[in-house]
Amino acid sequence: MDAFIQRHQQDVIGVLNGFDRMRFRGTLRSISYAEGVDRFLGAVGVRYKDFKDYVLGLSQRLIDHGEQVARQAGRPFEYEARSSQDKQARALEIAERDGITEGLVCVLRCVEPCTSFGIRRDNRGAVRLHAEQRKCLHLYYYYLDREFG
């Protein structure tokens, strides 16, 4: 951009700068690796034999919450069948279609590749958690902010 401005300096009367979106993404670092998840499970009293039911229950709570947030705002809670679909473009389509200029636009959900955890025996025969690639349901909350768009 600077090279363009320098080359056309005599024709440029001003420059506006800004960003077109903000993305908030978080990771709970303490449980983003197998040993951390193992410590967490020990702290909350979940045994390996109960691991599957426990995490499925947590997942369902997150899904239910997303659906409730969308319903309370009168906004769509949609499933996107292809992880390659541009979810932001879909959210902008919904905002334009529904005339949304501020607040929650929609909650989109999509199954995408992710790192998850499984229980396996290690090379010594001990049962351990380990990270593995899987497909997981992701929830995307799209908002339009009064100031930032």
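Trainee: Where does S32 lie?
Mentor: Keep in mind as we go that this is a predicted model. Helix α1 covers 2-7 and helix α2 covers 34-44. S32 falls in the loop between α1 and α2.

Trainee: Is S32 buried, partly exposed or exposed?
Mentor: Its relative accessible area is 39%. Buried means under 20% and exposed means over 50%. With its value of 39%, S32 is therefore partly exposed.

Trainee: Which residues does S32 touch, leaving out those up to four places away in sequence?
Mentor: A contact here needs heavy atoms within 4.5 Å. With residues up to four places away set aside, the partners of S32 are T27 and F117.

Trainee: How far apart in space are S32 and T115?
Mentor: In sequence, 83 residues separate S32 and T115. From C-alpha to C-alpha, their distance in space is 8.8 Å.

Trainee: How far apart in space are A73 and G103, C-alpha to C-alpha?
Mentor: Start with A73, which is found in helix α3, residues 51-73. A73 is partly exposed, with a relative accessible area of 41%. A73 and G103 are 30 residues apart in sequence, and their C-alpha atoms are separated by 8.6 Å.

Trainee: What pattern does the chain follow along the sequence?
Mentor: Counting elements gives 4 helices and 3 strands. Reading them along the sequence, you get α-α-α-β-α-β-β.

Trainee: Why is the chain described as more spread out than a compact globule?
Mentor: For 149 residues, the globule rule gives 15 Å. The chain is more spread out than a compact globule because its radius of gyration is well over that value, at 22 Å.

Trainee: What percentage of the residues in the chain is buried?
Mentor: A buried residue has under 20% relative accessible area. Of the 149 residues in the chain, the buried share is 23%.

Trainee: How many salt bridges does a search of the whole structure find?
Mentor: Side chains of opposite charge can pair when their charged atoms come close. The chain has 24 positive and 21 negative charges, with mean positions 9 Å apart. Searching the whole structure for salt bridges gives 11.

Trainee: Which parts of the chain does the salt bridge between E78 and R90 link?
Mentor: The side chains of E78 and R90 meet at 3.1 Å, N to O.

Trainee: Why does the salt bridge of E80 and R90 tie together parts of the chain?
Mentor: The closest N and O atoms of E80 and R90 are 4.0 Å apart. The pair ties together parts 10 residues apart in sequence, because R90 is in helix α4 while E80 lies in the loop between β1 and α4.

Notes
Residues are numbered from 1 along each chain as its sequence is written. This is a predicted model: local features need pLDDT of at least 70, side-chain atom pairs count only at pLDDT 80 or more; totals for chains, interfaces and linings use all residues. Side-chain values use heavy atoms; hydrogens and water are left out. Helices (H or I, at least four residues) and strands (E, at least two) are DSSP runs, numbered from the N terminus. The radius of gyration is taken over C-alpha atoms; the globule rule is 2.2 Å times the number of residues to the power 0.38. Buried means under 20% relative accessible area, exposed over 50%, partly exposed in between (1.4 Å probe, protein chains only). Lys and Arg count as positive and Asp and Glu as negative; His and the chain ends are not counted. The place of a charge is taken as NZ of Lys, CZ of Arg, CG of Asp or CD of Glu.
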